[in-house]
Structure formats: structure tokens, C-alpha cells
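Have the sequence and the 3D view open as you read.

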Amino acid sequence: MGRDATIIDIAHRAGVSTATVSRVLNRTGKVREETREKVEAAARELDYRPNIVAKNLSTVRSNVIGVLVPDVRNPFYANIFVECEKYANEKGFSLLLYNFLESRDMERHCYDMLMARRVCAIIHVGGSVEQMEADAGFVEKIAEISKRIPVVTSFYVEGSDSKCVQADSQRGMKVMMEYLLELGHERIALVGGKDNDRPTFEKRERYQEILRQRGIRYGNYYIAESGSYNEEGGYLAMREILQKDRLPTAVIAVSDLVSVGVIRAIREKGMEIGKDISVASFDNTYIAEIMEPELTSVGNDYRALGRRIMDTAFGMMEGREYQDIGELPVCFKVRESCCKCIGGSL
């Protein structure tokens with residue numbers, strides 16, 4: 001491995017934590033002689049040869065975690081990043097953020113840049129790790145990197161040593177659908193997202209399953225793909241729905257950003273949100289709170305999600321045996337954008 005070997009590689013080889021390796025290599029703190037010998041032997045086997053620059057950067061390399069997101073301007077990703085950063089700071093780590101802006105080439109390049117910065121772990125939320133059909137070259141890249149440093153992703157990447165912390169989209173959909181059905185809605189539209197995106201696929205799958213269980217046959221008729229998760233995508237997808245002969249009485253947007261476009265299209269049709277038609281969404285970000293009317297939304301407990309992601313990364317860095325942890329909390333906020341369905345006359 002030569003010059004590219006890191007203290008994480010040595011820790012894995014010796015079966016100890018990175019903190020122990022650091023104490024041995026820097027001759028600081030007390031370490032049992034047997035442990036010291038194991039670490040030194042691992043360093044020799046890996047041909048670990050820190051130079052002056054590497055030594056000066058050792059603190060950065062051992063305390064900086066890289067984070068990859070499609071676009072931090074989306075409040076969903078911003079919330080996750082902020083909660084990860086707050087918890088990382090508590091533990092003496094800092095985060096280095098890269099936005100790959102939905103570009104596969106940039107996404108791969110971000111990995112290269114993070115490795116060049118000698119980060120001690122990588123967290124990857126969204127993008128290629130969430131595609132239905134994984135790109136073989138990208139999976140190979142994650143597999144190679146995850147052998148050297150911990151990688152935590154938002155969906156499982158088969159064939160790699162990465163670990164996954166996944167928000168529960170299907171449980172969120174169950175909560176939302178049960179609420180709308182209790183209000184008397186049966187013609188419920190699901191708007192936004194991409195066909196090749198796994199979180200969107202899971203939302204649609206649970207949505208249709210619940211309708212089938214209730215004997216309702218509108219599942220395919222009222223699904224509109226937007227090809228994106230932004231306002232414009234929501235607007236165009238909702239306009240498609242509004243061209244149908246029988247309109248839905250309630251609409252679920254796959255994200256708060258998509259709901260902004262959904263609401264714009266509905267208002268252009270002359271309908272009033274929360275009276276003529278109900279609108280709800282996923283993510284439960286600040287957007288839901290500033291909409292007029294305020295938007296009913298289901299999302300993550302972002303603090304719990306951020307801590308789970310970071311705890312997984314810390315555990316991998318320390319060489320602890322990884323175990324899947326229980327379900328993450330789902331936060332559902334009922335606001336003013338939904339009403340009871342009176343006769344389903346739309």
C-alpha cells in the first residue's frame with residue numbers, strides 16, 4: 001500500500017482503534033507493549049512512511065469526515081448535514097462538504113478529492129447510491145475506497161464494505177396515507193420523483209399497497225413522475241394530474257420542494273389549498289412551515305438521523321463490530337393544508 005497507507009489501514013490490520021495507532025506512532029499516551037508491537041508490525045507490513053507534510057496534516061486526516069450530497073440548498077440535505085456536523089463537533093471532528101449537483105462525473109470526482117484530503121471517513125447521502133440500478137463502475141469505486149476508510153451511505157451498496165443508514169420512506173408513507181384515508185380521501189395523487197430512485201420507488205410501492213389493501217384502484221392513475229425533486233418538476237407533474245377527468249381530492253408530494261410547484265399548479269386551476277383540495281408532502285423541512293397555508297408533512301427526526309449516521313462512522317473508525325440498529329423515528333406534523341373529504345365531488 002506504500003505511501004497511501006493511513007492510520008485507519010494500520011488500525012484495521014492490527015485490530016485496534018485509530019486513537020491507539022495515533023498514540024503508538026506519535027509516542028503519546030500509555031499503550032500496552034503487546035499492542036504497541038502489533039501496531040508497529042502492521043505499520044511495517046503496510047510500508048507506512050509518513051513524511052513531514054503528512055505529519056503536519058495528521059491531525060486533519062484523523063479528524064475530518066467528508067460528506068457528499070446532491071445539493072445542500074435542498075433543505076432535506078441541509079438538515080442532515082447540520083445535525084451530522086453538530087454531533088461531529090461534539091466528538092472533536094469536523095466535516096468537509098461537497099455538492100456533486102446531480103452530476104455522476106462530479107460525484108466520482110468528489111470521492112477523489114476527499115481521498116486526496118485524507119479524510120478519515122466518507123458519508124454519502126443521495127445520488128448514485130440510491131439508484132435502482134447501480135452503476136458498476138461507481139460500485140467498484142466505493143468498494144475500493146471502503147476497504148481503506150469507513151464509508152456510510154443512505155442505501156446499501158452491495159459488493160462493498162460500506163454501511164448504510166437509511167431513512168424509512170415506507171413507514172412515512174404509511175403514516176401519511178392512514179391520515180388522509182381517515183379524512184375520507186380515496187382519490188389520492190402521488191406527485192414527483194424519478195423512476196430510478198429507490199426512495200421514490202419505495203414510497204410508490206407502499207402507496208399502491210395501501211390502496212390495494214383498502215380496495216381502491218387509483219394507484220396507477222394518480223402517480224405523476226416529475227423527473228426531479230424541485231419546484232418546477234412538481235409544477236409540471238401536477239399540471240399533468242389536473243388534466244384528468246376526475247381530479248384527486250388529496251395530493252402527496254414526494255418532497256417539500258416539489259410541493260411548492262404542486263401548490264402553484266393547483267392555484268392556477270382556481271382551487272384553494274386546504275378547502276377544495278388537500279396537499280401534504282415528505283421531508284418536513286422549514287418549507288412546510290412557511291407555506292401558506294402551512295403544509296402537513298412527514299419526515300425524519302433529523303437529529304436522530306444525523307447522530308445515527310455519525311455513530312455508524314465512529315464505530316467503523318474504532319473497529320467496533322457493526323450491528324443494525326432499530327427504526328429511526330418518523331416525525332409527522334399535521335398543519336392547515338389538509339381537510340376532510342366531503343363526498344369526494346372533485
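## The model at a glance

This is a predicted model, in which local features need pLDDT of at least 70 and side-chain atom pairs count only at pLDDT 80 or more, while totals for chains, interfaces and linings use all residues. Residues are numbered from 1 along each chain as its sequence is written, and side-chain values use heavy atoms, with hydrogens and water left out.

The mean pLDDT of the protein chain (pLDDT is the predictor's confidence in each residue, from 0 to 100) is 88, and 90% of the residues reach 70 or more. Please be careful with residues 51-61: pLDDT stays under 50 there, and the model has 8 contacts beyond four places in sequence for this stretch. A contact means heavy atoms within 4.5 Å. Among contacts in the protein chain with a separation of 6 or more, 72% are between residues 24 or more positions apart.

The protein chain has 14 helices and 11 strands. Helices (H or I, at least four residues) and strands (E, at least two) are DSSP runs, numbered from the N terminus. Of the 346 residues in the protein chain, 53% are buried; buried means under 20% relative accessible area, exposed over 50% and partly exposed in between, with a 1.4 Å probe and protein chains only.

Two strands pair if DSSP finds at least two bridges between them.

Strand E8 (residues 250-253) runs parallel to E9 and is joined to it by 4 bridges; Val251 has Val279 in E9 as its bridge partner. Strand E9 (residues 278-282) also pairs in the parallel sense with strand E10 (residues 296-300), over 3 bridges, and here Ser281 stands opposite Ser297 in E10. Because 5 of the 5 residues of E9 are buried, the strand is largely enclosed by the rest of the structure. In a regular strand the side chains alternate between the two faces of the sheet. In E9 both faces are covered, with Ser278, Ala280 and Phe282 buried on one side and Val279 and Ser281 buried on the other.

## The five-stranded sheet

Another open sheet has 5 strands in the order E2-E1-E3-E4-E5, with parallel pairing. E2 and strand E5 (163-164) are at the edges with a single partner strand each, so one side of each is left without a neighbour in the sheet. Strand E4 (residues 151-153) pairs with E5 in the parallel sense over 2 bridges, and Val152 has Lys163 in E5 as its bridge partner. Helix H6 packs on this sheet, touching strand E1 (64-69) and E2, and its direction makes about 160 degrees with that of E2.

Helix H1 (residues 7-14) is mostly covered, with 6 of its 8 residues buried: Ile7, Ile8, Asp9, Ile10, Ala11 and Ala14. Gly15 follows H1 and has a positive phi, near 75 degrees.

Leu46 lies in the loop between helix H3 (33-45) and helix H4 (52-56). Leu46 is buried, with a relative accessible area of 5%. Its C-alpha atom is separated by 8.0 Å from that of Asp9, 37 residues apart along the chain.

## Rings and charges

Rings of Phe, Tyr and Trp (its six-membered ring) pair if their centres lie within 6.5 Å; planes under 30 degrees apart count as stacked, over 60 as edge-to-face and the rest as tilted. This rule gives 6 aromatic pairs. The rings of Phe93 and Phe314 have centres 5.1 Å apart and planes at 40 degrees, so the pair is tilted. Phe93 lies in the loop between helix H6 (75-90) and strand E2 (94-99) and Phe314 in helix H14 (residues 302-317), so the pair ties together parts that are 221 residues apart in sequence. Both Phe93 and Phe314 are buried. Elsewhere, Phe76, Tyr77 and Tyr302 form one aromatic cluster.

A charge sits over a ring if NZ of Lys or CZ of Arg is within 6 Å of the ring centre and within 35 degrees of the ring normal. The charged end of Arg264 sits over the ring of Tyr235, 3.7 Å from its centre, and that of Arg307 sits over the ring of Tyr87, 3.9 Å from its centre.

Notes: Axes fitted to C-alpha atoms, helices over the stretch in contact; angles between N-to-C directions.
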